[in-house]
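Dear colleague,

I am passing on a structure for you to look at, and below it I have set out what was found. Please keep the model open while you read.

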Amino acid sequence: MDFQVVVLAGGFSKSLVPLVSKDVPKALLPVANRPVLSYVLEHFEENNLKDFIVVVEGESAALLVGGWISNAYVDRLHVEVAAVPEDVGTAGALRAIDRHLTAKDILVVSGDLISDIPPGAVAAAHRRHDAAVTAMLCSTPISGPSESGSSGGKDKAKKPARHNIIGLDPTKQFLLHVAAGAEVEKDIRVQKSILRAVGQMEIRADLMDAHMYAFKRTVLQEVLNKKETFLSLRRDVLPYLVRSQLVSFLQCMIFPATC
């Protein structure tokens, strides 16, 4: 497919202490008695994708992850483990390995994604639409108590957490608006030019980023080089590309999925 696969595996995530330790980085945390990273690697292997760049934050975490991969997948996968500085964010991690990105298109996936969606389907949709970026979304999980109701009540009603505000075209194939992070709580502002171009837009608050993307490499590298303050793919890069799509004639395609 002429795609490079980049797995963003994290490092010694402070948010996961005490689960992570100096001996167990995030990528090696056990899920059903297997390191969580194994689910991503083997899912791609099952879909005949066996060449990876695994990006790990911190040299010591990278050594641990690289050692485990060498033992677990000898003669099965070709994996290059790249160490990047800690706390650079997902966009910063890709910026740090810029010289390693050479293919026409780049598949980027989180190292803790467990999904049954074939990555080849995301890649095929990306190529079919000649998109600048293709993002896989899934339904938000039902979690957490409702904001209404007293604390002394019985079982509180649960509702989906609001992770993103998503605007879709009438075919539900093209991403026209995305708000993430702090932008979710602000008023929704949509360019009139977008509405004129598509006729109508469906606003959704029940979808979330599944952390699998396909990028046109030249577009990704241009954004990362031009916007040096961008740290997050979800909060910075994806919304920027969506806002820019009509100006620069970029197509931002969405691959709906349940994961």
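F215 is buried, with a relative accessible area of 1%, where buried means under 20% relative accessible area, exposed means over 50% and partly exposed lies in between, for a 1.4 Å probe and protein chains only. Please bear in mind that this is a predicted model, in which local features need pLDDT of at least 70 and side-chain atom pairs count only at pLDDT 80 or more, while totals for chains, interfaces and linings use all residues. Residues are numbered from 1 along each chain as its sequence is written, and side-chain values use heavy atoms, with hydrogens and water left out.

Y213 is also buried, at a relative accessible area of 4%. A search of the whole structure gives four aromatic pairs, and the rings of Y213 and F215 form a tilted one, since their centres are 5.7 Å apart and their planes stand at 35 degrees. (Rings of Phe, Tyr and Trp, the last by its six-membered ring, pair if their centres lie within 6.5 Å; planes under 30 degrees apart count as stacked, over 60 as edge-to-face and the rest as tilted.)

F230 and Y240 make an edge-to-face pair, with 5.5 Å from centre to centre and 70 degrees between the planes. Because F230 lies in the loop between helix 6 (217–226) and helix 7 (233–248), and Y240 in helix 7, this pair ties together parts that are ten residues apart in sequence; helices here are DSSP runs of H or I with at least four residues, numbered from the N terminus. Both F230 and Y240 are buried.

Best wishes

Note on methods
Helices (H or I, at least four residues) and strands (E, at least two) are DSSP runs, numbered from the N terminus.
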